[in-house]
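Biologist: Could you take me through this model and tell me what stands behind each label? I will keep asking until the definitions are clear.

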Amino acid sequence: MREAQRSTRPRVTVFGAKTRPGARPVVTITLIALCVLMFALEAFGGLPIYTTFAYSPAAGRVEPYRMLTAAFLHAGMLHLAMNMIALWFTGPFLEQALGRVRFVALYLVSAFGASVAVLWLTPLEEFTRGVVGASGAVFGLFGAVAVVLARLKMRNTQIFGVIGINLVLTFVIPNISWQGHLGGLVTGALIAAVYAYLPKRAQTWGAVAAIGGLVALLALATVTRYTLL
């Protein structure tokens, strides 16, 4: 049986990921665990997590790592719960369809894209305002799910309804960073489009090249914005 398993080609999804039937979504679980841990350290551990790792355009100029670390912080229990529910709603599906490495890249680059959008679209008088939350990255997952479903020719009115409701809430509820949500959504959709429509021969190196190019463009946009200030 072992020899037969070795000789059998592993099945892959249309996106080039090896299928793992019944496998746990370990990346999604890890991301949720990190967000919960960071919140607990701030709320119950007395550590200055928020002031050290939250992102604002002013702070990002001297500490650019905040553009990613802010995606693991939350301003309250409700904020944390809403984002973690959304992450659990979309993460396992994308992790299975895209593969773990592609999924990690999708999440982190979407978070980066969200911060870049905050940098460019926030008025100068609000540059010191802190922004936290996984919602920018989660909106990247929303955009990715829409592209993946379109590629698979699957109709899912539920997920599009969830995306629509979240977009409306972004502009209705005060103190929500619509800039980050919009930036994450666009970034995630672009990344998923690369994953979805690359030719099979180029699914590995093409994805690496495309993600590297997108990260370079986002970095250039960041440097350009700070240079123009």
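Modeller: Gladly! Helix α6 gives the most to the lining of the largest pocket, with 7 residues. This is a predicted model, where local features need pLDDT of at least 70, side-chain atom pairs count only at pLDDT 80 or more, and totals for chains, interfaces and linings use all residues. Residues are numbered from 1 along each chain as its sequence is written, and side-chain values use heavy atoms, with hydrogens and water left out.

Biologist: What makes a set of grid points a pocket, and what makes it a cavity?

Modeller: On a 1 Å grid over the protein atoms alone, a cavity is a set of points where a 1.4 Å probe fits but cannot get out, while a pocket is an open set with protein on both sides within 12 Å along at least five of seven lines; lining residues have an atom within 4 Å of a point. Points are joined across faces, edges and corners, and a volume is the space filled by probe spheres set on them. On that basis, the largest pocket holds about 990 Å³. Its lining has 48 residues, and H79, S135, I176, S177 and H181 are the closest to its centre.

Biologist: How are the residues of that lining divided by class?

Modeller: Ala, Val, Leu, Ile, Met, Phe, Trp, Tyr, Cys and Pro count as nonpolar, Asp, Glu, Lys and Arg as charged, and the others, Gly among them, as polar. The lining of the largest pocket then has 30 nonpolar, 16 polar and 2 charged residues.

Biologist: Why is T90 called buried?

Modeller: Buried means under 20% relative accessible area, exposed over 50%, and partly exposed in between (1.4 Å probe, protein chains only). T90 has a relative accessible area of 1%, so T90 is buried. T90 is found in helix α6, residues 77–98; helices (H or I, at least four residues) are DSSP runs, numbered from the N terminus.

Biologist: Which residues does T90 touch?

Modeller: Contact means heavy atoms within 4.5 Å. Not counting residues up to four places away in sequence, T90 touches L141, F142, V145 and I159. The T90 side chain also reaches the backbone oxygen of A86 at 3.0 Å.

Biologist: Is S115 buried or exposed, and why?

Modeller: S115 has 7% relative accessibility and therefore counts as buried. This residue is found in helix α7, and beyond its neighbours within four places in sequence S115 is in contact with Y55 and M67.

Biologist: And why is Y50 called partly exposed?

Modeller: Y50 comes out at 31% relative accessibility, so Y50 counts as partly exposed. Y50 lies in helix α3, residues 49–53. Leaving aside neighbours within four places in sequence, Y50 is in contact with E42, R66, L73, G130 and V132.

Biologist: How many cavities of 30 Å³ or more are found in the whole structure?

Modeller: The search finds 1, and the largest cavity has a volume of about 60 Å³. Y50 is one of its lining residues, with C35, M38, F39, E42, I49, F72, L73 and H74. Helix α2 gives the most to this lining, with 4 residues.

Biologist: How do you know what span to expect for α10?

Modeller: The expected span of a helix is 1.5 Å times one less than its number of residues. Helix α10 (residues 178–197) has 20 residues and reaches 28 Å from its first C-alpha to its last, close to the 28 Å expected. Its buried residues include H181, L185 and Y195.

Terms used: Helix = DSSP H or I, 4+ residues; strand = E, 2+ residues; numbered from the N terminus. Polar contact = N/O pair within 3.5 Å; in protein donor to acceptor, adjacent residues only side chain to side chain.
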